[in-house]
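The tour below moves from selection to selection and says what can be found at each stop.

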Amino acid sequence: MTDSFGETLLEVREVSERLGNNQILEKLSFEVRDRIRPGKVTGQLVGLLGPSGVGKTRLLRLIAGLDKPDTGVILGQKSQPMAAGTVGLIFQNYVLLRHRTVMGNLVTAGVANGMGRGESKDKASHLLERFGLADRGSFYPAQLSGGQRQRVAIAQQLVHNKSLLLMDEPFSGLDPIALEEVIKLVTEVAHMQELNTIIIVTHDIRAAMLVSDTLLMLGRDRTPEGKVIPGARIQHSYDMVERGMAWRDNLELDPKFPAMEREIVERFRQL
Amino acid sequence: MAVPQQLKNAFLPNRAVDRAMVLGLVAFWVALAFLAWLAVPFETLPRPGEVWHALGSLWWEHGMGPELFTTIRLILHALLLTVLISLALSYATVIPFFRPVVEAVSKLRFLGLTGLVVPFTLFTGGGYDLKVAMLTFGMTSFFVTSMAQAVIEIPREQFDHMRVLGASEGRILWEVVIRGTLDKALEVMRQNLAIGWALITMVEGISRAEGGLGAMILNQNKHFKLAEVYAILLVILVVGLILDYAVGVITRVLCPYVAMERVRR
């Protein structure tokens, strides 16, 4: 049996968004479908690449249900509209409640989402164990390192079994070792459940290639004279699985990797 | 002779010094201030010994203890009302309907208390209630200004973060606005306690019959008993510092994360 696609998990259809006189997104469409690998639980990892200021974070806010698009629709599993609270979003600076301990942050996430305190605590303990933070439960965010803070922010979003997780620039400012650890963690979270989907917004092409099974490139059209036309949309997409560039260790050692990286960098310049 | 590094640091910009050095520096400046007091040539300025003697006399012979109690009760009563009114108004800034009211209350800080004695007397009937009302008014306008600003400055991400977690707007108000700014509320309370303490002489002077340190100091001043005046000022300063320290302790207990976030210079 070969890999195949299952149901649609996220559909962004003809979404446009304007801020004042500035057209940010223009008829943007893409969809994420369940990737099925026989005998393996396989989540989805989508890398959303684009230059600074193109509207990546704006798109995340729309998918998270924090803002409503001017036109177009965003639908989740079973074509359900996305509402705030149903999608996890990890902000670039790993926002946590500064006045709560790590455990308190996780329990608050569960309670806020309608879970009981006891159930939230059990789930929180399990997640802290899984993320190597069992001994940090009583710590305040101010006592955590950047990496620990990121793990807590991810764990907080997982207390209430959210299958769609959005991450805003999770690779920025990381050294190579920390980057490797984050990629490992994100991959692990994605593959916890079949329908789990993580969309990672980044402008780090290499990291996006290492972690994603699908790469989307967000950018603006240009006139034949090279002038930028306002309103970003998906300009290119790469199926990394089809190219044999996903679900593998040491991907960067593959001779095809640098060639593909150059290709993507070249496209990125045009965005 | 080698100069200890901590001592060097005390004279260099942007350096940290240890606790022992901090205490040493405080002791040095206190001693210097005391010597300066002794060296002041003005005959009208009472000497430390005279002030100390006056303090004993006021405490043991003129009932300074009960007067101090009266003042502390007044300021704590006014502070409680100030905190309740100001926090309610400050938290209300999240609702656009109330923002003009909060803005207006904040602007009242430019009004002097003196001209408001008549309307406040009409409203309260005078006496203790008048003093509480005046002090509350004086502190509230400053408290609301600082606290409303703290609420306005909460980053939008904090609200969005809670929305992403699925929290209701009521829960967001509790977690982000009320709990999230508790440390700032305590700090503002600390500053306002000092403002209230500075206003006490004026407010207690409005109705001297009920006593209090403010009335006491005005009575002593009238008879030009400067040693007594300074003795009372000294008590006001010490009690103010004790109250200030107490609020600091409460902040450390309720908001231990604040000390962790503070970057030590």
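A residue is called buried if 20 or more other C-beta atoms lie within 10 Å of its own, exposed if 12 or fewer do, and partly exposed in between, with the C-beta atoms placed from the backbone. This is a predicted model, in which local features need pLDDT of at least 70 and side-chain atom pairs count only at pLDDT 80 or more, while totals for chains, interfaces and linings use all residues. Residues are numbered from 1 along each chain as its sequence is written, and chains are lettered from A and ligands numbered from 1 in the order in which they are written.

**Stop 1: chain A as a whole**

Chain A has 7 helices and 9 strands, and its C-alpha trace spans about 60 × 45 × 40 Å along the principal axes. The radius of gyration, taken over C-alpha atoms, can be set against a globule rule of 2.2 Å times the number of residues to the power 0.38. For the 271 residues of chain A, a compact globule would have a value near 18 Å, and the 19 Å of chain A agrees with this. Of these 271 residues, 42% count as buried.

Two residues are in contact if their C-beta atoms, placed from the backbone, lie within 7 Å. Among the contacts in chain A with a separation of 6 or more, 69% are accounted for by residues 24 or more positions apart.

**Stop 2: two loop residues of chain A**

Select A:Ser79, which sits in the loop between β4 (71-75) and β5 (88-90) of chain A. Is A:Ser79 buried or exposed? A:Ser79 counts as exposed, because it has 10 C-beta neighbours inside 10 Å. Although A:Ser79 is not a glycine, it has a positive phi of about 55 degrees.

Next select A:Asn250, in the loop between β9 (228-239) and α7 (256-270) of chain A. A:Asn250 has a positive phi of about 50 degrees and is not a glycine, and with 8 other C-beta atoms within 10 Å it is exposed.

**Stop 3: a buried residue in a strand**

Now select A:Val201, which lies in strand β7 (residues 197-202) of chain A. A:Val201 counts as buried, because 23 C-beta neighbours are found inside 10 Å. Show A:Gly47 as well: A:Val201 and A:Gly47 are 154 residues apart in sequence, yet 6.2 Å apart in space from C-alpha to C-alpha. Leaving aside residues up to four places away in sequence, A:Val201 touches A:Leu48, A:Lys56, A:Thr57, A:Leu60, A:Met167, A:Asp168 and A:Glu169.

**Stop 4: where the chains meet**

Show both chains and look at the contact between them, which takes 19 residues from chain A and 19 residues from chain B. On the side of chain A that touches chain B, the elements that give two or more residues are β5 and α2 (102-112) of chain A, and the largest share, 3 residues, comes from α2(A). Ala, Val, Leu, Ile, Met, Phe, Trp, Tyr, Cys and Pro count as nonpolar, Asp, Glu, Lys and Arg as charged, and the others, Gly among them, as polar. By these classes, the side of chain A that touches chain B divides into 11 nonpolar, 7 polar and 1 charged.

**Stop 5: chain B and a pair of its helices**

Select chain B, which has 13 helices and 0 strands and whose C-alpha trace spans about 70 × 70 × 30 Å along its principal axes. Of the 265 residues of chain B, 31% count as buried.

Within chain B, select helix α5 (residues 99-107) and helix α7 (residues 127-152), whose axes come within 7 Å and cross at roughly 130 degrees. Axes are lines fitted to C-alpha atoms, for helices over the stretch in contact, and angles run from 0 to 180 degrees between N-to-C directions. Angles under 35 degrees count as roughly parallel, over 145 as roughly antiparallel, 65 to 115 as roughly perpendicular and the rest as oblique, and α5(B) and α7(B) are therefore oblique to each other. To see the contact, show B:Val102, B:Val105 and B:Ser106 in α5(B), which meet B:Thr140, B:Ser141, B:Val144, B:Thr145 and B:Ala148 in α7(B). By class, this contact of α5(B) with α7(B) has 4 nonpolar, 4 polar and no charged residues.

How values were computed: Helix = DSSP H or I, 4+ residues; strand = E, 2+ residues; numbered from the N terminus.
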